[in-house]
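This briefing is for a reader new to the structure shown below.

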Amino acid sequence: MTALNLLAALTAAEEPSTLTYVIERVGAHFMNVLYFDLGRYLIAAGVLTLLLLVFSGWAKARRIQTKRSASRQDYTREVLSSLRTVFVFGVTTLATVIGIEAGVILLEIESAPLFTVAWNFALIVVLHDAYFYWIHRAMHTKALFKATHLHHHKSRTPTPWTAYSFSSWEAAAEAAFVPLFLFITSLLGLAFAGFAMFLFLWHMIIRNVMAHAGSELFPAGWVDNPLTDWISTTTHHDLHHSSSGNYGFYFTWWDRMMGTEHPRYKEEFRKSAKPIRLPSIGPRAAEKISVLMAALLATAITLNGWLVAVEGGIA
């Protein structure tokens, strides 16, 4: 049901007070989407762009596509289409508001134990990765590609601003995951933790802009260590834009199970990735230590998010 259908139904029922309430809720929802979705896109893409500019020497040494660069027209198209994407997100995610109002979506906003936040977060990330893989592959079929995914692939050389550069149809498909997920989990009797959703949404946009960075952000050795090889890198998605394969988002699981991982993925990663430089340590030792440091940093950031929940009285 769209916002217009909802408003029409309420008008037919001649409930002016309810109609006013719904208009206020719809308006508040769009303001929240504008504030949160557009805000996190601008923050994540903007901060990464700034870092790549400030540390331009570091970024240049790790460039994945060395013979091609994004043009000014690419940046303009990406930003403008991202504004459209945010609007489509607002329309699509009205389903969540309607579901909550109707009592068919359970979302525990006020409190949740730390362990609940942790496994809720893990669950939604794993399921979103599966959802993304399969709708991504579907959009690459001949029947759907031109209408849904071609616009995103106009960015042959991705930038952090490519993260939201979708057609309207792709934006709707991407945004549909959260209301679908919440509806299904609610049917199963799970009141999903609101703070877990907050962490997921920030995790999603950060990983999204990292995947489109254009320079390899993960240290050398990442794809050769079994503890980290299952987490996708910038090269993993960059190859999808410049060549083929690699439909996964956060992880490499689905591509490997389905035989869609680019055959030169690890080879291309090794060309761009560099170890974190450590004084008085050999290159092989530095490579192993840098992978460990990156993995520990990612873990610490996630755990810190959970600790914020505790300190804020959510747990």
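Glu261 forms a salt bridge with Arg256, and their closest N and O atoms are 3.0 Å apart; a salt bridge here is a side-chain nitrogen of Lys or Arg within 4 Å of a carboxyl oxygen of Asp or Glu. Glu261 is partly exposed at 22% relative accessibility, and Arg256 is partly exposed at 34%. Buried means under 20% relative accessible area, exposed over 50%, and partly exposed in between, with a 1.4 Å probe and protein chains only. The model is predicted: local features need pLDDT of at least 70, side-chain atom pairs count only at pLDDT 80 or more, and totals for chains, interfaces and linings use all residues. Residues are numbered from 1 along each chain as its sequence is written, and side-chain values use heavy atoms, with hydrogens and water left out.

**Salt bridges**

- A search of the whole structure finds nine salt bridges.
- Arg256 and Glu261 belong to a network of salt bridges that also links Asp229 and Lys266.
- Lys271 and Glu267 form a salt bridge at 4.0 Å, N to O; both lie in helix α13 (residues 265–272), four residues apart, about one turn of the helix.
- Lys271 is exposed, with a relative accessible area of 54%, while Glu267 is partly exposed at 40%.
- Asp74 and Arg77 form a salt bridge at 3.0 Å, N to O, and both residues are buried.
- Asp74 and Arg77 are three residues apart in helix α4 (residues 72–92), about one turn of the helix.

- Ser155 lies in the loop between α7 (145–148) and α8 (168–175) and is buried, at 1% relative accessibility.
- The side chain of Ser155 makes polar contacts with the side chain of Arg77 at 3.0 Å and with the side chain of Glu78 at 2.7 Å.
- A polar contact is a pair of N or O atoms within 3.5 Å; within protein, one must be able to donate a hydrogen and the other to accept it, and residues adjacent in sequence count only if both atoms are side-chain atoms.
- Leaving aside neighbours within four places in sequence, Ser155 is in contact (heavy atoms within 4.5 Å) with Arg77, Glu78, Thr162 and His241.
- Thr185 is found in helix α9 and is buried at 6% relative accessibility.
- The side chain of Thr185 reaches the backbone oxygen of Phe181 at 2.9 Å and that of Leu182 at 3.1 Å.

**Helices and strands**

- The protein chain has 14 helices and two strands; helices (H or I, at least four residues) and strands (E, at least two) are DSSP runs, numbered from the N terminus.
- The buried residues of α9 are Phe177, Val178, Pro179, Phe181, Leu182, Thr185 and Ser186, and Gly189, with a positive phi near 85 degrees, follows this helix.
- Helix α5 (residues 94–102) has Leu94, Thr96, Val97 and Gly99 buried, and is followed by Gly103, whose phi is positive, near 80 degrees.
- Glu108 is found in strand β1 (residues 107–108) and is partly exposed, at 34% relative accessible area.
- Not counting residues up to four places away in sequence, Glu108 touches Ala191, Phe192, Ala193 and Gly194.

**Nonpolar cores**

- A nonpolar core is a set of buried Ala, Val, Leu, Ile, Met, Phe, Trp, Tyr and Cys residues joined through side-chain atoms within 4.5 Å.
- Of the 24 residues in the largest nonpolar core, Ile124, Phe192, Met197 and Phe200 touch the most other members.
- The elements that give two or more residues to this core are α6 (114–139), α9 (177–187), β2 (192–193) and α10 (194–211), with the largest share, seven residues, coming from α10.
- Beyond its neighbours within four places in sequence, Ile124 is in contact with Phe177, Phe181, Phe192, Met197 and Phe200.
- A second, separate core has 20 residues, including Ala44, Leu52, Trp161 and Val209.

**Surface and the whole chain**

- Ile43, Val47, Leu50, Leu51, Val54, Phe55 and Trp58 make a nonpolar surface patch of about 680 Å².
- Helix α2 (residues 16–54) gives the largest share of this nonpolar patch, five residues.
- Patches are made of residues with over 30% relative accessible area and no salt bridge: like charges are joined within 9 Å, nonpolar side chains (Val, Leu, Ile, Met, Phe, Trp, Tyr) within 5 Å.
- Of the 315 residues of the protein chain, 47% count as buried.

Methods: Accessible areas come from the Shrake-Rupley method with a 1.4 Å probe; for residues, only the protein chains shown count as cover.
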